[in-house]
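Please consult the sequence and the structure as the points below are read.

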Amino acid sequence: MASTFLTVSLLYISLSTAGAYMSFYEYRCIFNSTQPDNIEYVVSYYYNGLELIRYSSSAGHFVGYTDYGVQNAARLNNDPSELSRRRASKDRYCQHNIGIYYNNFLSKSVKPQARLHSEEPPAGGHPAMLVCSVYDFYPKQIRVTWLRDQQEVTSDVTSTEELADGDWYYQIQTHLEYTPRSGEKIQCKVEHKSLDAPLIIDWDPSMPESERNKIAIGASGLILGLILSLAGFIYYKSKTRGRILVPTN
């Protein structure tokens with residue numbers, strides 16, 4: 001399971017006549033479960049965007065990244081009370097908040113949506129390419145595979161990473177390049193925590209998607225043409241209504 005990040009920053013701003021200077025501490029809990037061994041507590045001190053000193057519970061001591069930081073890290077590492085306070089902060093700060101997040105947010109799941117469609121293959125590639133798009137799911141851990149006649153396909157398959165949508169949901173795409181065979185059955189299989197059983201989408205090769213789009217566009221054009229013709233006829237009849245036609249010699 002990939003790491004989940006919880007970050008809280010405290011800002012302390014000081015101003016001078018020459019301009020503004022900003023320094024702040026950043027406290028982070030990096031975790032992938034509620035178990036203490038899977039939690040890392042990190043404290044960083046920044047000055048004008050530059051990290052000077054960092055404490056990590058995994059290392060158990062401070063590290064400096066500038067001359068000033070190295071000097072102060074040595075001073076803090078020689079202070080048993082400071083190290084003890086930082087070790088205690090992991091339990092007090094991280095363990096407590098991570099428990100809240102798991103109980104209220106991270107233990108929830110959202111079922112994925114999926115769509116199977118075809119794309120034009122790259123020049124010189126296979127004569128067909130299918131794309132299985134899976135989206136709006138949570139958490140991000142998911143498995144998407146291709147089946148041909150109930151057997152998993154392991155070649156000519158490429159997939160993206162799970163991509164965050166920015167709203168706690170994720171999406172992923174997987175491509176299958178293949179040569180169609182008569183009577184075969186192609187499926188996209190989705191396995192996710194939120195599903196009681198795998199979600200399986202069948203590919204219907206009866207008509208390529210590009211052809212269906214062409215038919216839909218043609219039908220729309222025909223309907224629009226009929227509507228315009230009817231409107232023109234009604235307009236003509238309204239203009240000629242009540243006129244007396246006089247024959248000419």
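A disulfide is a pair of cysteine sulfur atoms within 2.5 Å. The model is predicted: local features need pLDDT of at least 70 and side-chain atom pairs count only at pLDDT 80 or more, whereas totals for chains, interfaces and linings use all residues. Residues are numbered from 1 along each chain as its sequence is written, and side-chain values use heavy atoms, with hydrogens and water left out.

**Disulfides**

- With the bonded cysteines of the protein chain numbered in sequence order, the pairing is 1-2, 3-4.
- Cys132 and Cys188 are joined by a disulfide with an S to S distance of 2.0 Å, and the link is left-handed, with -85° about the S-S bond.
- This pair links distant parts of the chain, since Cys132 is in strand S7 (residues 128-137) and Cys188 in strand S13 (residues 186-192), 56 residues apart.
- Helices (H or I, at least four residues) and strands (E, at least two) are DSSP runs, numbered from the N terminus.
- Cys29 and Cys94 form a disulfide in which the sulfur atoms are 2.1 Å apart.
- The torsion about the S-S bond of Cys29 and Cys94 is about -90°, so this disulfide is left-handed.
- Because Cys29 lies in strand S2 (residues 19-31) and Cys94 in helix H2 (residues 80-106), the pair ties together parts that are 65 residues apart in sequence.

**Burial of the cysteines**

- Buried means under 20% relative accessible area, exposed means over 50%, and partly exposed lies in between (1.4 Å probe, protein chains only).
- Cys29 is buried at 0% relative accessibility, and Cys94 is buried with a relative accessible area of 0%.
- Cys132 is buried at 0%, and Cys188 is buried at 0%.

**Backbone features**

- Tyr138 and Pro139 are joined by a cis peptide bond, with omega about 0°; Pro139 lies in the loop between S7 and strand S8 (142-148).
- Asp149, a residue other than glycine, has a positive phi near 55°; Asp149 lies in the loop between S8 and strand S9 (151-153) and is partly exposed at 38%.
- Asp156, likewise not a glycine, has a positive phi near 60°; Asp156 is partly exposed at 40%.

**Confidence**

- The predictor's confidence in each residue is given as pLDDT, from 0 to 100.
- The protein chain has a mean pLDDT of 78, and 70% of its residues reach 70 or more.
- Confidence is lowest in strand S1 (residues 4-16), at a mean of 42, and highest in strand S5 (residues 61-64), at 95.
- Where pLDDT is low, the predicted coordinates should not be read in detail.
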